[in-house]
Amino acid sequence: MLNFKKIFYFPVLISLSLISFSGCGDGENDEPSGCNSFNWSVELNDELTDLTTAISNFAQNPTEANCNNYRQALLTYVDALRPYGNCQGLTGQNRVEWQKLIDEYEEDLNEEDCSDI
């Protein structure tokens, strides 16, 4: 079953990380345009909307199908966050920690099983 404490706080943790290096770079190369401002949340709006819907659906009706939809919405969100590791303001150990966090979270989600709901 999904580890809800860890999963629920992940988007918040990532959001705070993005804010900490917003305002960097010029949006060139592989850098997402969200690195230039606080507009990263606009770029991720679809993923966040889908995630919010999946969380709500699962909270209201904790079925295996809703659990799988929730897990998939989280995986999609994590995948959408990957390019932000290319922000120029995310350097050195911060970049290493960012990538480690993304990789570990994705691995945890891929190992989660909703069949015991």
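Two residues count as being in contact when heavy atoms of theirs lie within 4.5 Å of each other. With that in mind, here is what turns up in this structure, which is a predicted model. Among the contacts in the chain with a separation of 6 or more, 66% come from residues 24 or more positions apart. The chain has 117 residues, and 33% of them count as buried. As for secondary structure, there are five helices and zero strands, so a walk along the sequence reads simply as α-α-α-α-α.

Next comes the pairing of helix 3 with helix 4. Helix 3 covers residues 45-60, and helix 4 covers residues 64-81. Their axes come within 9 Å and cross at roughly 160 degrees. Anything over 145 degrees counts as roughly antiparallel, and helix 3 and helix 4 are therefore roughly antiparallel to each other. The crossing of helix 3 past helix 4 is left-handed. On the helix 3 side, the residues involved are Glu47, Leu48, Asp50, Leu51, Ala54, Ile55, Asn57 and Phe58. They meet Asn66, Cys67, Asn69, Tyr70, Ala73, Leu74, Thr76, Tyr77 and Ala80 in helix 4. Sorted by class, this contact holds eleven nonpolar, four polar and two charged residues.

Two residues from this contact are worth a look of their own. Glu47 sits in helix 3. Setting aside neighbours within four places in sequence, Glu47 is in contact with Thr76, Tyr77 and Ala80. The C-alpha atoms of Glu47 and Ala73 are separated by 7.2 Å, although the two residues are 26 residues apart along the chain. Asn66 belongs to helix 4. With residues up to four places away in sequence left out, Asn66 touches Asn57, Phe58 and Asn61. Is Asn66 buried or exposed? Its relative accessible area is 15%, and since buried means under 20%, Asn66 counts as buried.

Helix 4 also pairs up with helix 5, which spans residues 92-111. Here the axes come within 10 Å and cross at roughly 160 degrees. That makes helix 4 roughly antiparallel to helix 5, and the crossing is left-handed. Helix 4 brings Arg71, Leu74, Leu75, Val78 and Leu81 to the contact, while helix 5 brings Trp98, Ile102, Tyr105, Glu106, Leu109 and Asn110. By class, the contact of helix 4 with helix 5 is made of eight nonpolar, one polar and two charged residues. Leu74 of helix 4 is listed in the contact with helix 3 and also in the contact with helix 5.

Finally, there is the matter of covalent links. A disulfide is a covalent bond between the sulfur atoms of two cysteines. How many disulfides are there in this model? The count comes to one, and it joins Cys67 to Cys114, with an S to S distance of 2.0 Å. This pair ties together distant parts of the chain: Cys67 is in helix 4, Cys114 is in the segment after helix 5, and the two are 47 residues apart. The torsion about the S-S bond is about -65 degrees, so the disulfide is left-handed. Both ends are tucked away from the surface: Cys67 is buried, because its relative accessible area is 0%, and Cys114 is buried too, at 1%.

Terms used:
Residues are numbered from 1 along each chain as its sequence is written. This is a predicted model: local features need pLDDT of at least 70, side-chain atom pairs count only at pLDDT 80 or more; totals for chains, interfaces and linings use all residues. Side-chain values use heavy atoms; hydrogens and water are left out. Helices (H or I, at least four residues) and strands (E, at least two) are DSSP runs, numbered from the N terminus. A disulfide is a pair of cysteine sulfur atoms within 2.5 Å. Buried means under 20% relative accessible area, exposed over 50%, partly exposed in between (1.4 Å probe, protein chains only). Axes are lines fitted to C-alpha atoms, for helices over the stretch in contact, and angles run from 0 to 180 degrees between N-to-C directions. Angles under 35 degrees count as roughly parallel, over 145 as roughly antiparallel, 65 to 115 as roughly perpendicular and the rest as oblique. A crossing is left-handed if the near helix is turned anticlockwise from the far one by less than a right angle, and right-handed if clockwise. Ala, Val, Leu, Ile, Met, Phe, Trp, Tyr, Cys and Pro count as nonpolar, Asp, Glu, Lys and Arg as charged, and the others, Gly among them, as polar.
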